[in-house]
Each structure stands twice: as C-alpha cells, then as structure tokens.
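Hi,

Here is the structure I promised to pass on.

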Amino acid sequence: MDKSKRPFLKSKRSFRRRLPPIQSGDLIDYRNMSLISRFISEQGKILSRRVNRLTLKQQRLITIAIKQARILSLLPFLNNEKQFERNESTARTTGLRARNN
C-alpha cells in the first residue's frame, strides 16, 4: 500500500523513557534529606505525583516522610524567605490594589 492511501495512520515516534526519580536502593525515610528535598517546591509545598513521576505507593511514603521531617523540625512547614524580599515595583502595585478596593 502507498502512504497516500493511509492518511490516518500515525508515524511511529521514538521516545526516550525517563529514569525513575527513586531507584530501588533509595531508602524513603524522614532522615534522608537529600531524597526528600527533591520532592518539595521552593515554597515548601509537597509536589504532586504527576510532577514527581512517582508511583502511588512511593508518593505516599514520600508524603509521610516529609510530614515526619516537618514535625521533627528537620524541614520547615513554610518557606517564607520571598515574602520579606519585596522590591519597590511589587510594593507599588499592592498599594494601588489596596486603594482601588
């Protein structure tokens, strides 16, 4: 058959399989800070399973480990460093919003 007679067949694209973020030897534990810190955003939030590319079981274990580390003060609950670094442009826009409301 010609390719002109098969208009709806998609071309086979090769794709590179992504490496899993957690290897089989990695221990998911609240003390393993190098592993846990990969799954936290800059604001200190736990990243979603889709972003992390983890299995459901791995995501559950990571979440529990992060919460244990927060309770034991190994990790902060919030990362508020950016709140205090306000430059003049944001101060002006927030002042304008306050006057309009």
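Gln58 counts as partly exposed, because its relative accessibility is 22% and partly exposed covers what falls between buried (under 20% relative accessible area) and exposed (over 50%), using a 1.4 Å probe and protein chains only. This is a predicted model, where local features need pLDDT of at least 70 and side-chain atom pairs count only at pLDDT 80 or more, while totals for chains, interfaces and linings use all residues. Residues are numbered from 1 along each chain as its sequence is written, and side-chain values use heavy atoms, with hydrogens and water left out.

Back to Gln58, which sits in helix H3. Helices here are DSSP runs (H or I, at least four residues), strands are runs of E (at least two), and both are numbered from the N terminus. Gln58 touches Ile22 and Ile28, leaving out residues up to four places away in sequence; a contact means heavy atoms within 4.5 Å. Ile22 is 36 residues away from Gln58 in sequence, yet the C-alpha atoms of the two are 8.3 Å apart in space.

Now the overall picture. The protein has five helices and zero strands, so read from the N terminus the order is α-α-α-α-α. Of its 101 residues, 19% count as buried. Take the contacts between residues at least 6 apart in sequence: 50% of them join residues at least 24 apart.

What makes up the largest nonpolar core? It has 11 residues: Ile22, Leu35, Ile36, Phe39, Ile40, Leu54, Ile62, Ala65, Ile66, Ala69 and Leu75. (A nonpolar core is a set of buried Ala, Val, Leu, Ile, Met, Phe, Trp, Tyr and Cys residues joined through side-chain atoms within 4.5 Å.) H1 and H3 each give at least two residues to this core, and H3 has the largest share, with four.

Is Arg70 buried or exposed? Arg70 is buried, because its relative accessible area is 12%. Its side chain reaches the backbone oxygen of Gly44 at 2.4 Å. That is a polar contact (a pair of N or O atoms within 3.5 Å; within protein, one must be able to donate a hydrogen and the other to accept it, and residues adjacent in sequence count only if both atoms are side-chain atoms). Beyond four places in sequence, Arg70 is in contact with Gly44, Lys45, Ile46, Leu75, Pro76 and Phe77.

Ser37 lies in the loop between H1 and helix H2 (49-52). Ser37 is partly exposed, because its relative accessible area is 40%. A polar atom of its side chain lies 2.9 Å from the backbone oxygen of Met33. Ser37 and Leu75 are 38 residues apart in sequence, but 8.8 Å apart in space from C-alpha to C-alpha.

Last stop: Asp26, in the segment before helix H1 (33-36). Asp26 is partly exposed, with a relative accessible area of 31%. Not counting residues up to four places away in sequence, Asp26 touches Pro21, Leu35 and Arg38.

Cheers
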